[in-house]
Amino acid sequence: DNLGSFGNMFDVSTQDFAIEVHGVDFYTDLIEPVTYEIFTRSGTHADGMYLNPAQRLDLMDGALSNGLEDNVTVTNVDNMRILNWTLVKRGTVMGGGSGRGTPARNFVPFTIPPNSLQGFYVTLTKADMRYRDISVDVPDARVGNVYFANENLEIHMGVSVGTYPGGAVYYGPRVWSGAIIYTADRACPSEAPSEVPSLAPSIASSSAPSLVDPDYGNCTDVSTLKTTLSGGTGSYGNMFTVTSKEPVSVTSLDINAATTDVIYVEVYTRDGDYRGFAEDSKSWRIVAAANITGAGNGVPTLIPDQEFDDVHMGANETRAFYVTLSTADIKYTRTSTEVGE
C-alpha cells in the first residue's frame with residue numbers, strides 16, 4: 001500500500017445478523033517483531049477521536065465539518081490517549097512482510113450487534129503500519145464511505161493516526177489494509193414465528209462492547225470431523241489438506257500422541273496444498289504453539305482453543321495444515337490410497 005504511520009481508525013457495520021470478532025490481520029512490510037494494540041468501541045470511531053465531545057470532528061456526513069476534504073490533517077491538542085476505547089488485545093508478533101497480513105489473534109471475542117456500527121483502532125507502537133490513501137484512486141472519497149462489503153459486514157473509509165499512543169494527528173480519508181476475522185450467526189429456526197423479530201438486544205449497548213455475547217436468537221453450528229486413531233506408525237508430525245464445502249472456522253485440532261508426558265506442539269497452515277511447499281517456511285503461518293499433556297495412543301489429545309488461532313475458510317476452499325511435535329510422539333496410520341484423496 002502507498003502510505004504508512006502508526007495506525008488506523010475506521011468503522012465496521014453489520015447487516016441483519018450479529019458477528020463475533022475473533023481477530024484481525026494488519027499490514028506491515030517489516031519481517032521483524034512488531035508490537036500492536038487493538039481497540040474497539042460501539043458507534044463510530046469519530047466519537048473516540050477526542051476527549052472533549054465538543055471537539056468531535058463530524059466525519060460521517062460525507063464531508064469534513066472544517067470545510068477541508070481530501071488528505072485532511074486534524075490536530076487534537078488534548079491528545080485523546082485512547083480513553084474512549086476498549087483494549088481487546090496487545091501483543092508482539094513477527095511482521096508478515098510485503099504483501100502478507102500479520103495476524104493479531106487470541107483475544108477474547110466480542111460481538112457486534114445486528115445493523116450496528118463499531119469503531120476499530122488498530123495501531124503499532126512504531127510508525128510501521130501500512131495502509132492506502134484512497135483519494136489517489138477515488139478523488140471524491142470521504143471518511144465514512146463504504147470501501148469493502150460482503151453479505152455480513154461493511155468496512156468504511158477511516159483515518160490514519162500519526163502519533164502513539166492515542167491520537168494527536170489524523171489524516172483522512174485512508175483505507176485500513178487488513179482483514180477482520182469473524183463468525184456470523186444465522187437465525188435459528190423456531191417452532192412458530194413470533195409477532196416481533198427478536199434479533200436486536202433488549203438492552204441498549206454501552207460505549208464499550210460486551211465481552212459476554214448477548215442472546216440475539218442466532219445459531220452457530222459446532223461440530224467435529226474425526227479421522228482414525230488406530231495409529232500403527234509415528235514420527236514428528238503430519239501435513240494434510242482440508243477442503244470446505246461451506247464457510248467454516250477451524251477452532252482447534254486433536255492429535256494422537258503416543259505419550260502421556262508434557263509435549264510441545266506447533267500447528268501451521270497455508271492457503272492451498274502443502275505439496276511443493278513443505279520446505280518453504282515463509283509460505284506457512286503458525287496458528288498454535290503450546291506445551292500440552294499427551295493423552296496416550298488412541299485417545300485424542302486436545303490443543304486448547306485458547307492456544308489456537310481460529311482458521312477461517314470460505315466455501316470450496318482448500319487449506320493445508322502442518323502439525324508437529326518436538327519429539328517423535330505423534331501417531332498416524334498408513335493408507336494404500338493416493339496422497340490427496
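**Close-up views of the predicted model**

**View 1. Overall chain.** Residues 24 or more positions apart account for 83% of the contacts (heavy atoms within 4.5 Å) with a separation of 6 or more in the protein chain. The model is predicted: local features need pLDDT of at least 70, side-chain atom pairs count only at pLDDT 80 or more, and totals for chains, interfaces and linings use all residues. Numbering runs from 1 along each chain as its sequence is written, and side-chain values use heavy atoms, with hydrogens and water left out.

**View 2. The largest nonpolar core.** This core (buried Ala, Val, Leu, Ile, Met, Phe, Trp, Tyr and Cys residues joined through side-chain atoms within 4.5 Å) has 26 residues, of which Phe10, Val21, Phe26, Phe120 and Ile180 touch the most other members. Strand β3 (residues 19-26) supplies the largest share, 4 residues. Beyond four places in sequence, the contacts of Val21 include Phe107, Phe120 and Tyr182.

**View 3. The second core.** Ile263, Ala290, Val311 and Ile330 are among the 19 residues of a second, separate core.

**View 4. Confidence along the chain.** Mean pLDDT (the predictor's confidence in each residue, from 0 to 100) is 77 for the protein chain. Strand β26 (residues 318-325) has the highest confidence, at 95, and strand β5 (residues 72-75) the lowest, at a mean of 39. Over residues 189-218, pLDDT stays under 50. Where pLDDT is low, the predicted coordinates should not be read in detail.

Note on methods:
Buried < 20%, exposed > 50% of the residue type's maximum accessible area, 1.4 Å probe, protein only. Helix = DSSP H or I, 4+ residues; strand = E, 2+ residues; numbered from the N terminus.
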